[in-house]
Amino acid sequence: RASVENFSVAVDGATVRSTVSIGLVSRSPGDLHDLPSFIQLADDALYRSKTAGRNAVTTFDAAKPED
């Protein structure tokens, strides 16, 4: 994430920069038996990163209840 943030490139005379927002989900064996639910949790974590200001990593532990 930091490497992407620190990288810039000139395009048509303008400097272009990027950041990375990441959503991660951890689970224990037996949690989340279906892939669509697992992907939805990761997607939710990703959008929490974006909502919190972007350029962040947000994690969700599927084994623990959410606050």
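Author: The dialogue below goes from the whole chain to single residues. This is a predicted model, in which local features need pLDDT of at least 70 and side-chain atom pairs count only at pLDDT 80 or more, while totals for chains, interfaces and linings use all residues. Residues are numbered from 1 along each chain as its sequence is written, and side-chain values use heavy atoms, with hydrogens and water left out.

Reader: Which secondary structure elements does the protein chain have, and how do they run from the N terminus?

Author: Helices (H or I, at least four residues) and strands (E, at least two) are DSSP runs, numbered from the N terminus. The protein chain has two helices and four strands, in the order α-β-β-β-α-β.

Reader: How does the radius of gyration of the protein chain stand against that of a compact globule?

Author: The radius of gyration is taken over C-alpha atoms, and the globule rule is 2.2 Å times the number of residues to the power 0.38. For 67 residues the rule gives a value near 11 Å, but the protein chain has 16 Å. Along the principal axes, its C-alpha atoms fill a box of roughly 50 × 25 × 15 Å.

Reader: What share of the residues in the protein chain is buried?

Author: Buried means under 20% relative accessible area, exposed over 50%, and partly exposed in between (1.4 Å probe, protein chains only). Of the 67 residues, 15% are buried. A45 is one case, in helix α2 (residues 35-51); A45 counts as buried because its relative accessibility is 3%.

Reader: What is A45 in contact with, leaving aside its neighbours within four places in sequence?

Author: Contact means heavy atoms within 4.5 Å. With those neighbours left aside, A45 touches I22, G23, L24 and T58. By contrast, A45 and V4 lie 41 residues apart in sequence and 20 Å apart in space, C-alpha to C-alpha. Over the protein chain, 49% of the contacts with a separation of 6 or more join residues 24 or more positions apart.

Reader: Where is T58, and is T58 buried or exposed?

Author: T58 is in strand β4 (residues 57-61) and is buried, because its relative accessible area is 18%. Beyond four places in sequence, the contacts of T58 are I22, G23, L24, A45, R48 and S49.

Reader: With which side chain does the side chain of T58 make a polar contact?

Author: A polar contact is a pair of N or O atoms within 3.5 Å; within protein, one must be able to donate a hydrogen and the other to accept it, and residues adjacent in sequence count only if both atoms are side-chain atoms. The partner of T58 is the side chain of S49, at 2.6 Å.

Reader: Is R54 buried or exposed, and is N55 buried or exposed?

Author: R54 counts as exposed because its relative accessibility is 52%, whereas N55, at 17%, counts as buried.
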